Amino acid sequence: MTVDINKDKNIFIVRLGETVLKGKNKSYFEKKIVERIKRLVKRLGDVSVVRKEGLIFVYSDKDIKEDEILKEMGKVFGIASISQAVELDSHVEDIYEEAVKYMLDLMDKKEVKTFKVEVKRADKSFPIKSPQMAKNVGAAVLKGCKVLKVDVNNPDVKLFVNIRQDKTYIYQDKVDGFGGLPLGTNGKGMVLLSGGIDSPVAAFMMAKRGMAIEAIHFHSYPYTSQRAQEKVEALAGRLAVYCSRFNLHVVNLLPVQEEIVRKCPEEQTTILVRRFMMKIAEAVAKENAATMLITGESLGQVASQTSDSIVCTDNAVEIPVMRPLIALDKVDIIEKAKEIETFDISILPFEDCCTVFLPKRPVTRPKLKDILASESKLDVDTLVKNAIDNIEVLTIYPEI
């Protein structure tokens, strides 16, 4: 059997999601995914990444653990699925022989009683069509692995044979990726990052759509503790695993809150504070080339997230506000938070600025004219400027 020069490498096939539908921009999106993979796997050792025939192939030294490669590639948006494969020349007899060897090796690792063969013939010049090739490979496996049986409905193993122009790839598993679009292909957004469950999920979902992110966090020191900020920094570090390095802009909101409490109706406090958060975030976004804000609001979840409240907060800014969680149930948000491993951090019992000066009976159906009338009692420009002048900027690096 003639196997190629990569016999001493682990080989992974990376399939792309909706990137394949991008027409003339497809190559640009593929290059972004390749760059992201290279950036993540370079710390592991000798790994090469190449594009060919609409797929991405990753080759790594045998001494690098396969799970480590899969873990790093699993963080890359735009990937639909990944398979560890065997690569060989596209000779008919070689394919049969390698399929038998592959199944024998697999049977040494786990119990296998039944199998099914699926053949994809991307190279239409290959002399045997896919259905017949699947039968031939199945026959070879039955002959070489006499204890196995074919089960087309519920097999223990699906044996995939992908025949391409110059090489054939044999594999069994498809590890799902996140899909979406490559990071950084859809502009930049500024996420209002609290210590709660929702905002990290919102940031993740926008990043999955190709948006680079920066983050802004509001605290009310000394009413909120250093532990609360450390919690947010931990959340940001977890997000950076998927979103790459980004800046976290930390703002002390206490002077704004104190002024609102002193001059405005108590029941409007939450909405007025939220408007200032949006104004400050908008200014920071514009300074950092972010074209929109991102929040973790879900319609009706709390008093500040009713439709009337959202109208009042959106009125405070000019740039668009993205709310990827707006129609999700809390249980769905929690499940996503667990999947991306932010949930256990978010539920740590450290307060954030939203818990400071909470009104006993917050207004749930605020009227914009009433909110604007109350806000007119405040020196908005000075309060916003002072908050921005005292921002602390932290560079957030991915957790390793």
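Between which two elements does the loop that holds alanine 289 lie? Keep that for a later stop; the tour starts with the whole chain.

**Whole chain**

This is a predicted model. Show the protein chain as a cartoon. Its secondary structure comes to 13 helices and 15 strands. Turn to the C-alpha trace: along the principal axes it spans about 85 × 40 × 35 Å. The radius of gyration is 27 Å, whereas a compact globule of 400 residues would have one near 21 Å.

Of the 400 residues, 52% count as buried. Colour by charge next. There are 60 positive and 58 negative side chains, and the centres of the two sets lie 4 Å apart. Contacts are worth a look too: of those between residues at least 6 apart in sequence, 81% join residues at least 24 apart.

**Strand β7**

Select phenylalanine 160. Its place is in strand β7, residues 157-163. Is this residue buried or exposed? Phenylalanine 160 counts as buried because its relative accessibility is 11%, below the 20% cut-off. Show its neighbours. Leaving out residues up to four places away in sequence, phenylalanine 160 touches Glu118, Tyr169, Ile170, Tyr171, Gln172 and Lys174.

**The six-stranded sheet**

Go on to the open sheet. Six strands form it, in the order β14-β13-β10-β11-β12-β15, with mixed pairing. Its edge strands are β14 (321-322) and β15 (392-396), each of which pairs on one side only.

Select β10, residues 188-192. Four of its five residues are buried, so the strand is largely enclosed by the rest of the structure. Step across to β11. β10 and β11 run parallel, joined by five bridges. Valine 191 stands opposite alanine 215 of β11.

Stay on β11, residues 212-219, and look towards β12, residues 246-252. These strands also run parallel, and five bridges join them. Pick phenylalanine 218: its bridge partner in β12 is valine 251.

**Helix α5**

Select residues 198-208. This is helix α5, with nine of its 11 residues buried, so the helix is largely enclosed by the rest of the structure. Show the side chains of the buried set: Asp198, Ser199, Pro200, Val201, Ala202, Ala203, Phe204, Met206 and Ala207. Glycine 210 follows α5, and its phi is positive, near 95°.

**Backbone stops**

The last stops are about the backbone. Most residues other than glycine have a negative phi, and most peptide bonds are trans.

Zoom to proline 222, in the loop between β11 and α6 (226-243). The peptide bond that reaches it from tyrosine 221 is cis, with omega near 10°.

Now the opening question. Alanine 289 is found in the loop between α8 (269-287) and β13 (292-294). Its phi is positive, near 60°, in a residue other than glycine. Alanine 289 counts as exposed because its relative accessibility is 58%, and the cut-off is over 50%.

Finish at glutamate 341. Which loop holds it? Glutamate 341 is found between α10 (330-339) and α11 (343-346). Its phi is about 65°, a positive value although the residue is not a glycine. With a relative accessible area of 49%, glutamate 341 is partly exposed.

Notes: Residues numbered from 1 in each chain as written. Predicted model: local features only at pLDDT ≥ 70, side-chain atom pairs only at ≥ 80, totals over all residues. Heavy atoms only, no water. Rg over C-alpha atoms; globule rule 2.2 N^0.38 Å. Buried < 20%, exposed > 50% of the residue type's maximum accessible area, 1.4 Å probe, protein only. Contact = heavy atoms within 4.5 Å. Lys, Arg positive; Asp, Glu negative; His and termini not counted. Charge placed at Lys NZ, Arg CZ, Asp CG, Glu CD. Pairing = 2+ DSSP bridges.
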